[in-house]
Amino acid sequence: MVETLQQFASDNYAGICPEALRAMEDANRGSAQAYGDDPWTQRAAEAFRAAFQADCELFFVFNGTAANSLALASLCQSYESIIAADIAHVETDECGAPEFFSNGAKILVARTENGKLTPAAIRGFALGRTDIHFPRPRAVTITQPTETGQVYSLEEIRAIAAACRELGLKLHMDGARFANAVDSLGCTPAEMTWRAGVDVLSFGGTKNGMAVGEAVIFFDRGLAEGFDYRCKQAGQLASKMRFLSAPWAVMLETGAWLAHAAHANRSARHFAGQVAGLPGIEILFPVEANAVFLKMPAEVTAGLRARGWSFYTFIGDSARFMFAWDADRGRIDTLAADLRALAQDAAG
Ligand SMILES: *Cc1c(COP(=O)(O)O)cnc(C)c1O
């Protein structure tokens with residue numbers, strides 16, 4: 001039996017959104033060519049090119065770790081390095097996959113506020129050591145929105161991209177929650193990526209409401225050379241590709257990708273509004289996407305768990321609440337009410 005009470009521990013706890021599920025059902029009527037030579041994959045590729053207003057090259061892989069690590073591996077040689085923020089998923093949550101798939105490229109970790117890289121941090125790494133003993137920086141990866149729910153502004157992305165150009169670095173964006181960032185900034189996908197200077201994007205479908213699947217999008221087609229082989233070698237070439245691509249086609253064509261992200265972001269803002277100002281409770285980061293991080297007394301944390309709530313506490317000793325496409329307003333209000341009661345008790 002599936003857990004029926006909704007939890008906000010992760011946006012990956014959510015099920016499949018209706019649009020994605022219907023697309024899989026539609027793709028399931030009969031047989032089709034394998035390995036991406038099917039009409040659904042063609043349709044999804046066209047939907048991406050329309051959404052990004054670009055003649056981009058794209059690939060479908062199973063998850064975000066594969067999207068990020070294969071994208072980064074394609075940008076650098078084994079003796080080169082990748083500049084990332086200290087709390088970047090590629091550094092802390094991918095089990096060394098970027099290093100593994102690049103045959104040893106090193107991740108250079110910059111200490112950051114809120115997981116945001118800056119041109120100064122990038123310059124520091126790129127210009128600090130230029131001798132043969134140091135793994136030459138070749139790529140930069142930024143997470144949009146960051147792991148703590150901050151969104152880089154277009155100006156910030158452009159400034160990072162300009163520094164990358166100047167220093168001969170390629171720019172990758174980890175967009176596991178790309179849709180949430182697009183909703184948050186109210187810009188177009190093109191503005192946030194190639195028009196701002198992003199070379200390669202990992203676009204997350206799973207946290208957006210799909211069962212599985214992320215897209216790797218190359219705005220510079222030259223960088224995609226051999227990427228199909230890289231996917232196959234890494235075990236990331238789906239033979240029944242249409243079940244990865246069909247949901248993308250429908251999500252993009254109907255606008256569901258953005259509507260679902262908007263709902264998730266709205267839900268996070270609503271929750272933050274409900275708990276702001278409670279005694280002893282602090283909202284740790286500005287709520288700019290679908291995450292809310294709360295610092296709270298240990299007895300409140302324990303009390304919430306005792307009342308059956310699940311959540312992670314892996315960043316900065318705070319409790320993380322994530323809101324997905326299906327976040328339920330009543331359930332959010334129940335969580336907020338429990339938190340209020342516990343906070344008031346703790347405050348005496
Ligand atoms: C969830 C997530 C990913 C992808 O994780 P997988 O479990 O490999 O799909 C990548 N980057 C960030 C920032 C994430 O939050």
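Glutamine 53 sits in the loop between α2 and β1 (57-61); helices (H or I, at least four residues) and strands (E, at least two) are DSSP runs, numbered from the N terminus. Glutamine 53 is not a glycine, yet its phi is positive, at about 50 degrees. Most residues other than glycine have a negative phi, and most peptide bonds are trans.

The bond between glutamine 144 and proline 145 is cis, with omega about -10 degrees. Proline 145 belongs to the loop between β4 (136-143) and α7 (154-167).

## Basis of the model

The model is predicted: local features need pLDDT of at least 70, side-chain atom pairs count only at pLDDT 80 or more, and totals for chains, interfaces and linings use all residues. Residues are numbered from 1 along each chain as its sequence is written, and side-chain values use heavy atoms, with hydrogens and water left out.

## Ligand site

For arginine 177, a polar side-chain atom lies 3.0 Å from a ligand oxygen atom. The protein covers 83% of the 390 Å² of accessible area that the ligand has on its own (Shrake-Rupley method, 1.4 Å probe).

## Packing of α2 and α11

The axes of helix α2 (residues 39-52) and helix α11 (residues 242-254) come within 8 Å and cross at roughly 40 degrees. Axes are lines fitted to C-alpha atoms over the stretch in contact, and angles run from 0 to 180 degrees between N-to-C directions. The crossing is left-handed: the near helix is turned anticlockwise from the far one by less than a right angle.

On α2, the contact (heavy atoms within 4.5 Å) involves Trp40, Thr41, Arg43, Ala44, Ala47, Phe48 and Ala51. On α11, the residues include Trp248, Val250, Leu252 and Glu253. The contact residues divide into 10 nonpolar, two polar and three charged.

Conventions. Nonpolar A, V, L, I, M, F, W, Y, C, P; charged D, E, K, R; others polar. Polar contact = N/O pair within 3.5 Å; in protein donor to acceptor, adjacent residues only side chain to side chain.
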